[in-house]
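This report covers a few local features of one protein chain. Please keep the sequence and the model in view while reading.

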Amino acid sequence: MEEEEEDEIMVKQGIMASQREIFSISGPIHLTSIDWNNSYHRTSVASCLVQAVYTLERDRQQNRIGLKSQANHWWEFFNFTLAETLIDDSDGSIYGAVFEYKHFFSYNYHNTLHSKPPPRHVIAFRGTIMKRHSRSRDLKLDLRCVRDCLQDSTRFVHAVQVIQSAVAKTGNAAVWLAGHSLGAAVALLAGKIMTRSGFPLESYLFNPPFSSIPIEKLVKNEKLKHGVRFAGSLVKAGVAIAVKGRHHNKSQEDDSFMKLATWIPYLYVNPSDPICSEYIGYFKHRNKMFDIGAGKIERIATRNSLRSLLSGGGGGSGSSSSDSCSEPLHLLPSAYMTINTSQSPNFKKSHGIHQWWDPMFNGEYVLHQFNQ
């Protein structure tokens with residue numbers, strides 16, 4: 001039997017870690033010094049801390065302890081410590097972690113006011129792990145994302161409590177959120193809640209799920225894409241007016257939506273990834289509608305989810321338990337979007353976390369801010 005085949009069997013049996021879990025093989029080892037003003041450096045740190053959470057859970061599942069554990073290398077390389085692991089009370093899996101930067105106070109003391117400071121804490125959330133120890137619970141939460149009901153889960157409630165506790169101790173300026181896939185959904189919704197409460201957090205959202213049909217991925221013709229989205233905007237605006245009345249644009253859900261306008265999370269999307277690619281079309285279509293003079297229609301449409309309107313839940317309002325299944329994940333006024341324009345040969349690559357610290361990364365960077 002060849003050495004590669006032996007290694008693959010050992011990985012499957014849990015005797016050894018996969019290469020993607022080993023920092024010295026898959027991590028950005030070239031980043032020996034972090035410039036916190038450099039967006040690639042910040043992105044690499046945030047995405048590696050998310051990978052650390054994945055590896056923490058895999059260490060747990062495969063009983064890798066001591067020298068066999070791999071997770072610690074993903075945070076120690078960047079001078080972070082593990083302050084807390086976040087455990088899902090349903091299956092005992094590690095779904096997140098709180099990391100603390102060791103040099104936070106010395107960095108702020110020695111640097112000028114014009115430098116971008118590092119975070120004191122990064123709260124990171126992993127995505128779905130398709131292994132028997134975590135698969136069932138993660139897939140149930142994935143379904144909640146599709147149904148816009150993630151806020152109703154005990155995992156999300158616990159995550160928000162941890163975030164609120166960190167902000168209460170250190171202030172919102174010193175706390176980052178980071179997440180990938182399902183974890184990005186947790187961070188995104190938590191970021192909305194914190195922003196509406198007056199505590200916006202710097203947030204790094206990798207391949208966040210878009211809870212609607214991925215037109216960007218399914219439809220190749222640009223004119224047809226615009227036609228489909230234009231029709232969708234007309235329907236949403238019409239239903240919103242019918243459901244909420246002609247003066248709905250001054251109602252509570254608009255106030256809730258506009259409270260998010262100053263929060264600009266970092267969104268990382270791949271056009272080949274059907275889970276997150278529609279964010280590209282969501283913002284592109286909104287700009288197009290304003291360009292062609294249909295801004296009034298889009299101001300109504302972009303605040304609302306058709307599913308929520310028809311179910312009586314409203315648009316993008318709410319963080320209360322009474323309408324926790326009506327908080328559409330994708331409704332965002334603003335975002336700083338990074339689009340991976342490199343070729344992705346398969347879904348595993350296009351949806352993977354490793355692409356975001358790849359030194360050969362080719363990206364397009366677009367700032368989207370809502371025009372009131």
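The text below treats aromatic ring pairs, then one glutamine and one leucine.

The model is predicted, so local features need pLDDT of at least 70, side-chain atom pairs count only at pLDDT 80 or more, and totals for chains, interfaces and linings use all residues. Residues are numbered from 1 along each chain as its sequence is written, and side-chain values use heavy atoms, with hydrogens and water left out.

**Aromatic pairs**

A pair of aromatic rings is described by the distance of the centres and the angle of the planes. Here rings of Phe, Tyr and Trp (its six-membered ring) pair if their centres lie within 6.5 Å; planes under 30 degrees apart count as stacked, over 60 as edge-to-face and the rest as tilted. The count by this rule is 22 aromatic pairs.

| Pair | Centre to centre | Angle between planes | Class |
|---|---|---|---|
| Tyr-204 and Tyr-266 | 4.8 Å | 10° | stacked |
| Tyr-204 and Tyr-268 | 6.5 Å | 20° | stacked |

Helices (H or I, at least four residues) and strands (E, at least two) are DSSP runs, numbered from the N terminus. Tyr-204 belongs to strand β5 (residues 202-206) and Tyr-266 to strand β6 (residues 266-269), 62 residues apart, and their pair links distant parts of the chain. Tyr-268 is also in strand β6, so its pair with Tyr-204 ties together parts 64 residues apart in sequence.

Buried means under 20% relative accessible area, exposed over 50%, and partly exposed in between (1.4 Å probe, protein chains only). Tyr-204 and Tyr-266 are both buried, and Tyr-268 is buried too. One aromatic cluster includes these three tyrosines, with Trp-36, Trp-356 and Phe-361 also among its members.

**Gln-355**

Gln-355 sits in the loop between α15 (347-350) and β8 (363-368). Its relative accessibility is 10%, so Gln-355 counts as buried. A polar contact is a pair of N or O atoms within 3.5 Å; within protein, one must be able to donate a hydrogen and the other to accept it, and residues adjacent in sequence count only if both atoms are side-chain atoms. The Gln-355 side chain reaches the backbone oxygen of Gly-352 at 2.8 Å and that of Lys-349 at 3.4 Å. Contact means heavy atoms within 4.5 Å. Beyond its neighbours within four places in sequence, Gln-355 is in contact with residues including Asn-207, Asn-270, Asn-340 and Phe-361.

**Leu-150**

Leu-150 occupies the loop between α6 (135-146) and α7 (154-170). With 3% relative accessibility, Leu-150 counts as buried. Not counting residues up to four places away in sequence, Leu-150 touches Leu-189 and Phe-156, among others. Leu-150 and Leu-189 are 39 residues apart in sequence and 8.4 Å apart in space, C-alpha to C-alpha.
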